[in-house]
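Open your viewer and get ready to select residues by number. This tour goes stop by stop.

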Amino acid sequence: MKYRLLAGGSVLVLTAALSACSPSSGPDSGNGDGRTTVDVWLMRDSVSAQFQKEFTADFEKRHPTIDVKIQIQEWDGIGQKITAALASNDAPDVIEAGNTQVAQYAESGGLLDLSDHKDELNGEDWLSGLAEPGSYEGRQYGIPYYAANRVVIYRTDLFAKAGVDAAKIKTREQWIDATAQLNKGGTQGIYLPGQMWYALAGFIWDEGGDLAAESGGKWSGALDTPEALRGMAFYEKLQALGKGPKDSDEDDPPQAEVMAQGQVAQVISTPGGAKVIAENNPGLKGKLAFFPIPGKTADTPGAVFTGGSDLVVPAAAAHPDEAVTFIKELTGDTWQKKLAVAMSYVPNRTSLASAVADDPGAAAMAVGAANGHATPNTPGWAAVEAENPIKDYMTAVLTGGDPAKEAAKASQDITRAMNAGS
């Protein structure tokens with residue numbers, strides 16, 4: 001076997017993994033006819049029913065000794081369900097996991113180390129925002145599956161009326177100037193709620209900062225660094241060019257519904273937001289377009305948080321070899337291109353970005369994904385998101401608080417949350 005279990009994994013997990021490698025173990029180790037069933041959990045809406053049908057048929061044709069059983073899972077409560085599966089002797093062979101969740105699962109000792117397979121899985125140009133959170137303590141546990149990130153959705157008619165050419169917006173300063181020009185005559189240049197912390201994270205990364213930093217094995221909040229403070233200053237400048245609430249995020253109220261009311265020129269969103277906007281206001285159909293979030297210089301797009309999924313193999317998987325075969329097919333060139341087109345996703349590799357060239361929203365995402373980042377790669381980050389002092393920090397600054405003092409307080413809260421279990 002090529003797999004290495006996470007150092008420090010429990011004896012129980014180790015025993016389960018060793019028994020899983022036995023041809024006679026597992027709940028579905030064979031069908032009695034020389035065929036093996038690989039059991040896969042994929043998340044709701046990560047693939048369409050048609051894509052699933054076509055992929056399964058092609059896979060089973062190419063691998064006549066392997067059957068595929070895909071079970072679609074709901075996002076609600078999936079963390080607890082995966083945790084329970086990883087601690088059991090009855091885990092599926094492949095699980096789709098949110099990219100920022102992999103470190104938490106790897107820390108438990110419940111995942112197989114797939115580092116030895118990076119070359120055959122085209123790891124040389126994986127999107128860093130998927131690959132980095134898929135690793136833990138220098139080992140690769142999550143294989144990049146697909147990505148999605150935020151872009152700017154804008155009203156073509158309002159841009160034309162204001163004499164703004166979106167194609168010429170390549171830098172932050174050009175973006176600010178254009179947004180100020182749009183912010184006239186009852187139009188909001190941009191609707192940016194005060195607590196869209198993923199957008200703030202991008203501005204902080206652009207400045208060379210981060211949300212938290214590790215030193216000597218301990219994580220500390222980093223919102224009070226000069227780089228992070230510059231990111232917040234830009235957010236404050238941009239947010240002031242609209243009427244977004246300072247004390248809520250993009251879901252309260254839903255920003256797509258706000259833009260659908262007709263007076264907003266831009267929002268920061270995943271491209272799917274355009275469909276929701278048009279559903280709420282059919283009159284805007286055909287009047288929405290996209291561009292990547294601008295960076296500090298024209299030659300580099302703005303940094304973005306790369307959301308998306310990785311594929312992992314439980315330590316207790318009954319068929320780890322077949323699991324890797326499945327992952328190799330689903331993340332390979334052919335099916336990555338088809339998945340990107342079918343679902344408007346960003347492929348898992350930078351060299352495949354051209355696959356979505358004819359999808360304006362996905363193409364804008366792919367540009368940004370080249371400068372994609374992830375949240376701090378540590379299991380403790382989940383506690384930060386649960387409490388989320390970043391949102392409170394943003395509101396405090398936007399309502400007149402001293403940025404340095406508020407950042408120091410938020411950094412202390414992040415430090416406490418990240419190290420609560422250590």
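**Stop 1: the largest pocket**

Start with the residues that line the largest pocket: 13 are nonpolar, 17 are polar and four are charged. Keep in mind that this is a predicted model.

How big is the volume of this largest pocket? It is about 830 Å³. Now find its centre. Select Trp75, Asn99, Phe305, Gly307 and Gly308, which are the closest to the centre among the 34 lining residues. Then colour the elements that each give two or more residues to the lining: α3, α4 (102–107), β8 (143–148), β15 (307–312) and α15 (381–387).

**Stop 2: Gly79**

Stay with helix α3, which covers residues 78–86. Select Gly79 in this helix.

**Stop 3: the nonpolar cores**

Move on to the largest nonpolar core, which has 52 residues. Select Phe159, Trp175, Leu223, Tyr235, Trp381, Ile390 and Tyr393, the members with the most contacts inside this core. Which helix gives the most to it? Helix α8 (residues 197–206) does, with eight residues.

Zoom in on Ile390. Leaving aside neighbours within four places in sequence, Ile390 is in contact with Trp197, Leu200, Leu211, Leu223, Trp381 and Ile414. There is also a second, separate core of 31 residues. Select Val313, Ala315, Ala317 and Val324 to see some of its members.

**Stop 4: Thr395**

Go to helix α16, residues 389–398, and pick Thr395. Its relative accessible area is 15%, so Thr395 is buried. What does Thr395 touch beyond its neighbours within four places in sequence? Its contacts are Gln195, Lys246 and Asp247. Look closely at Lys246. Its backbone oxygen lies 2.7 Å from a polar atom of the Thr395 side chain.

**Stop 5: Thr171**

Finish in a loop. Thr171 sits between α6 (156–162) and α7 (172–182). Is Thr171 buried or exposed? With a relative accessible area of 12%, Thr171 is buried.

Now show what Thr171 touches, not counting residues up to four places away in sequence. Select Pro294, Gly295, Lys296, Thr297 and Ala298.

Notes
Residues numbered from 1 in each chain as written. Predicted model: local features only at pLDDT ≥ 70, side-chain atom pairs only at ≥ 80, totals over all residues. Heavy atoms only, no water. Helix = DSSP H or I, 4+ residues; strand = E, 2+ residues; numbered from the N terminus. 1 Å grid on protein atoms, 1.4 Å probe; cavity = no way out; pocket = protein on both sides within 12 Å on 5 of 7 lines; lining within 4 Å. Points joined across faces, edges and corners; volume = space filled by probe spheres on them. Nonpolar A, V, L, I, M, F, W, Y, C, P; charged D, E, K, R; others polar. Buried < 20%, exposed > 50% of the residue type's maximum accessible area, 1.4 Å probe, protein only. Polar contact = N/O pair within 3.5 Å; in protein donor to acceptor, adjacent residues only side chain to side chain. Contact = heavy atoms within 4.5 Å. Core = buried A, V, L, I, M, F, W, Y, C linked by side-chain atoms within 4.5 Å.
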